[in-house]
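Subject: Structure handover

Hello,

Here is the structure we spoke about. Please open it first, then read my notes below.

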Amino acid sequence: MRKVPQLLRSALSDAGRALDIGASAALSGLDVRSSPALTAEPSGTRRTAGVAVDLDDVHRVRKAEGGTVNDVLIAVVAGALRRWLDARGDGSEGVMPRALIPVSKRRPRGVQPPGNRLSGYLIRLPVGDPDPLARLGAVRSAMDRNKDAGPGRGAGAVALLADHVPALGHRLGGPLVSGAARLWFDILVTSVPLPSLGLRLGGNPLTEVYPFAPLARGHSLAVAVSTYRGRVHFGLVADARAVPDLDLLARAVGEEVAALIDVCDP
């Protein structure tokens, strides 16, 4: 009987946490201007592209402006999206798409099942800002706010709701949630860790490794980033019908890195 109050407190805590995360996710969709270019009815086709930039260049920007390497890389994605939208005639003015930045949250020792849980940070990419340094500053501020709140809170923690939903809820709500990704975010931007040692395939060393992220239903574009052997590799995945010009976005990534270096080293 002594366990009843403890179980009740735990249930109430789970319910309150789930409501907090759900409310944050709902509020994140208010007053946000995305771009039609980032949404699409699935065509069942895919287009991929990759671009590599020097990690030293990214570090030059980080050292000059502060923040983290990840902040710089997210800002590069925001600037590349701006260039791409303007080049294809969609326009970037006022556009602030919601980007989901996945975060791996380690379970406490002794908690079952062991291992990691996937959470995430949700930020608005400052695509509409014409100043590269202002975009970087906006990304840094947004990421700092997310880190202060922690990966267990906020709209990006929707993935953690699975820990607070009963089995029947998974069966009934799973298909609905999987098809509603674009209600929560507009684009996935994820970092894929790679081993520091060189990789080999068939006995031959790999000189470049491009990661690819899954493309959520209703989304036209996803971005994955990996650092490997002194280079940063951007892997771009798109719905082939919605994004026939993915090569323009790949080119814009390199152009945005060059632009950041220019403003950091006048």
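S35 sits in the loop between α1 (3-28) and β1. Bear in mind that this is a predicted model. S35 has a relative accessible area of 5%, so S35 is buried. Leaving out residues up to four places away in sequence, S35 touches L85 and V95. P97 is also worth a look. S35 and P97 are 62 residues apart in sequence, yet their C-alpha atoms are 7.1 Å apart in space.

**The chain as a whole**

The chain has 266 residues, and 42% of them count as buried. Seven helices and eight strands make up its list of elements. The accessible surface comes to about 14,100 Å². Carbon and sulfur atoms hold 56% of that surface. Now take the contacts in the chain with a separation of 6 or more: 75% of them join residues 24 or more positions apart.

**R47 in β1**

R47 lies in strand β1 (residues 46-54). Its relative accessible area is 32%, which falls between the 20% and 50% cut-offs, so R47 is partly exposed. Which residues does R47 touch, not counting those up to four places away in sequence? They are L236, V237, A238, A240, V243, P244 and L246. R241 is another residue to check here. R47 and R241 are 194 residues apart along the chain, and 8.5 Å separates their C-alpha atoms.

**T190 in β4**

T190 belongs to strand β4 (residues 187-191). With a relative accessible area of 14%, T190 is under the 20% cut-off and therefore buried. Its contacts, neighbours within four places in sequence aside, are P102, A213, V223, A224 and V225.

**R229 and R231**

R229 is in the loop between β7 (221-228) and β8 (231-239). Most residues other than glycine have a negative phi. R229 is not a glycine, but has a positive phi of about 50°. Is R229 buried or exposed? Its relative accessible area is 52%, so R229 is exposed.

R231 is in strand β8. At 28% relative accessibility, R231 counts as partly exposed. R231 touches A52, V53, D54, L55 and S226, residues up to four places away in sequence left out.

**α2 against α7**

Two packed helices are described by the angle between their axes and the distance between the axes. Helix α2 (residues 55-65) and helix α7 (residues 246-264) pack at an angle of about 40°, and their axes are 10 Å apart. That angle makes α2 oblique to α7. The crossing of α2 and α7 is left-handed. Which residues meet in this contact? From α2 come D57, R60, V61, A64 and E65. From α7 come V257, L260, I261 and C264. Sorted by type, the residues of the contact are six nonpolar, no polar and three charged.

**Where to start**

I would open the α2 and α7 contact, with its left-handed crossing. Then turn to R229 and its positive phi. After that, go to S35, buried at 5% relative accessible area.

Best wishes

How values were computed:
Residues numbered from 1 in each chain as written. Predicted model: local features only at pLDDT ≥ 70, side-chain atom pairs only at ≥ 80, totals over all residues. Heavy atoms only, no water. Axes fitted to C-alpha atoms, helices over the stretch in contact; angles between N-to-C directions. Helix = DSSP H or I, 4+ residues; strand = E, 2+ residues; numbered from the N terminus. Parallel < 35°, antiparallel > 145°, perpendicular 65-115°, else oblique. Left-handed = near helix turned anticlockwise from the far one by under 90°. Contact = heavy atoms within 4.5 Å. Nonpolar A, V, L, I, M, F, W, Y, C, P; charged D, E, K, R; others polar. Buried < 20%, exposed > 50% of the residue type's maximum accessible area, 1.4 Å probe, protein only. Areas by Shrake-Rupley, 256 points an atom, 1.4 Å probe, with all protein chains shown as cover.
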